[in-house]
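My entries follow the structure.

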Amino acid sequence: MSTAPAEAVGPLMRGVAVLRALSDADGRAGLGDLVRATGLARSTVDRIAATLARMGYVRLDGPVVTLAPRLMELANAYLGALGLPALLGPLAVQLAEELDESVSLAVPDGDGIRFVHQSTRRRAMSLTFRIGDLLPAERTAPGPLFAAHWTPGQWTAWRERRAADPEGLGFPGVPAGTGDHFEERVDRARAAGSAVDDQLIEPGLIAVAVPLRDPAGVPLCALSVVSHTSRHSAESLREAVLPRLRAAATAMEAELARPAEAPRAAHAAGRGAGAARAEAAPTTPAAAPAPSGLAAWTSASKQELGAEFVESLARGLTVLTAFGPGRAELTLSAVAGATGLPRATARRALITLDHLGLVATGGRAFRPTPRVLALGCPPLSRTTLSDIAAPHLAALVRTVHDSASLAVLDGDAIQYTARVATTRIMSVNITPGTRLPAYAAAMGRVLLADLPAAERAERLGRTALAALTPRTVTAPAVLAGLLDEVAEQGYAVVDEELEEGLRSLAVPVRDAAGRAVAAVNVAMHTTRRTLAECRADLLPELRATAAAIEADLHVVNRFCHASAT
């Protein structure tokens, strides 16, 4: 990297180095490991970790640092500004379903490519590409499509990188490999308008890609179909999917060409602010409200934590959150206004982020680059709902001193997917993977109550309502009435219906659309608390935990998908 400008913010540069090291370590590393990976002093890494933890971007567990879901707001800012995942993602999902193959969208990043959307088919031989993964252009299907438009300077940079790192060891997302004959593949891709990856990334993996072009013919991104040699050869995959792939690309290009999307397309192609402004039609949607960011509380955090809080790091990262849907390119004044930062502070942060390759400039405007995805997106894009819930359940258990769990509805049963047990001598002994009848469990009733009336009735109609204890409700009409009450009050209590002596209180965990995708509970022996005490003491804590899980889930699910398990 070139020498940093005199106005660059050193703490921001060091903080970004730590985030990149954490991402390369798959989201979890010891403080000592981060010292070795970055070359920074231990005291510096400690302060950076403490600052990132205060921001909610990492969790600290003794000497171990783990990326936290809230960090995805940086990736979401770039992906929202890019616009392509939101605009083209549904079409990619449709294509994946039609072909029964995995479909990806990738954008160029220097002499590599980064994935910005994945529609993956679930199979035993599943694909492991993650949103934000950086792959060397020479070993991918999209790479030759982008390289066909490289400038001489870009080719020079590629050759220098290949000479210094011929096996691609600088790309942690893929196994080492060479990717020879790349320039020949580029020539073929230029002539054919498509490209193939025949096991260049790793044995067994094959892909076919076509470009999505702007009106000038420059690729905005690449649309790929990815499969395995157990299903196709590279040639048979091309024969089977290329016509449909081209048709999908044409439909996507038509969507991109709509006047309201012109600024988005210009941004995706990486052109200057002047081009984007020239293409913007009067029908362009108004920019979405900018986030308040983190600037409002950085001074208070500094006063509270003192030297342990690196305010310039927090403020610098806040600048990235200024971008998003309708805010693909922003002036310095707009960034300062969106974040609440002084213009001088925002300016130095933008200079630093430009030096780091996280933003690019065009005239008076700035835009985020695909490199923002390197800040934790690949490991966090595969976060599961269980991963998200686990630290919040642990905090709940420390507060209430009873076991807490997360479960999802699976047919007529609930399946436990996360659990934190209390350390009491007598406690509820359930492990993840355990299945219990939904009708008799508090979490099951919360999830059943959220279903549409017809689906709820159908599920209960096919379920044998067995009496598990003398208190189990088995009368369909009574159970239906209880579920109506649960739906109205937003929680469920099950008292000795699943097992004698067991009392459970549960609330839903909802996705951004308001649908209950899981439930959390606190379970205890009936001697621990009365029903009134459960409602008065536990219910507020349980609801706060569900809200914390939901907040993290909504950040992760903005452009990714947190699976239930």
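**Salt bridges**

I looked up Arg 161 and found that it forms a salt bridge with Asp 111, with 3.1 Å between the closest N and O atoms. Since Arg 161 lies in helix α7 (residues 152–164) and Asp 111 in the loop between β4 and β5 (112–119), the pair ties together parts that are 50 residues apart in sequence. I keep in mind that this is a predicted model. Arg 161 is buried at a relative accessible area of 15%, and Asp 111 also counts as buried, at 17%. I noted that a network of salt bridges links Asp 111, Glu 138, Arg 161, Arg 162 and Asp 180.

I then turned to Glu 101, whose side chain meets that of Arg 231 in a salt bridge of 3.0 Å, N to O. Glu 101 sits in the loop between α5 (84–99) and β4 (102–109), and Arg 231 in the loop between β9 (219–228) and α9 (234–257), 130 residues apart. Glu 101 is buried, with a relative accessible area of 2%, whereas Arg 231 is partly exposed at 37%.

**Strands and helices**

I found an open sheet of three strands in the order β10-β12-β11, paired antiparallel. β10 (330–331) and β11 (359–362) each have a single partner strand, so one side of each is left without a neighbour in the sheet.

Lastly I checked helix α18 (residues 442–449) against helix α20 (residues 476–489), whose axes come within 8 Å and cross at roughly 80°, which makes α18 roughly perpendicular to α20. The residues of this contact comprise eight nonpolar, no polar and one charged.

Key:
Residues are numbered from 1 along each chain as its sequence is written. This is a predicted model: local features need pLDDT of at least 70, side-chain atom pairs count only at pLDDT 80 or more; totals for chains, interfaces and linings use all residues. Side-chain values use heavy atoms; hydrogens and water are left out. Two strands pair if DSSP finds at least two bridges between them. Helices (H or I, at least four residues) and strands (E, at least two) are DSSP runs, numbered from the N terminus. Axes are lines fitted to C-alpha atoms, for helices over the stretch in contact, and angles run from 0 to 180 degrees between N-to-C directions. Angles under 35 degrees count as roughly parallel, over 145 as roughly antiparallel, 65 to 115 as roughly perpendicular and the rest as oblique. Ala, Val, Leu, Ile, Met, Phe, Trp, Tyr, Cys and Pro count as nonpolar, Asp, Glu, Lys and Arg as charged, and the others, Gly among them, as polar. A salt bridge is a side-chain nitrogen of Lys or Arg within 4 Å of a carboxyl oxygen of Asp or Glu. Buried means under 20% relative accessible area, exposed over 50%, partly exposed in between (1.4 Å probe, protein chains only).
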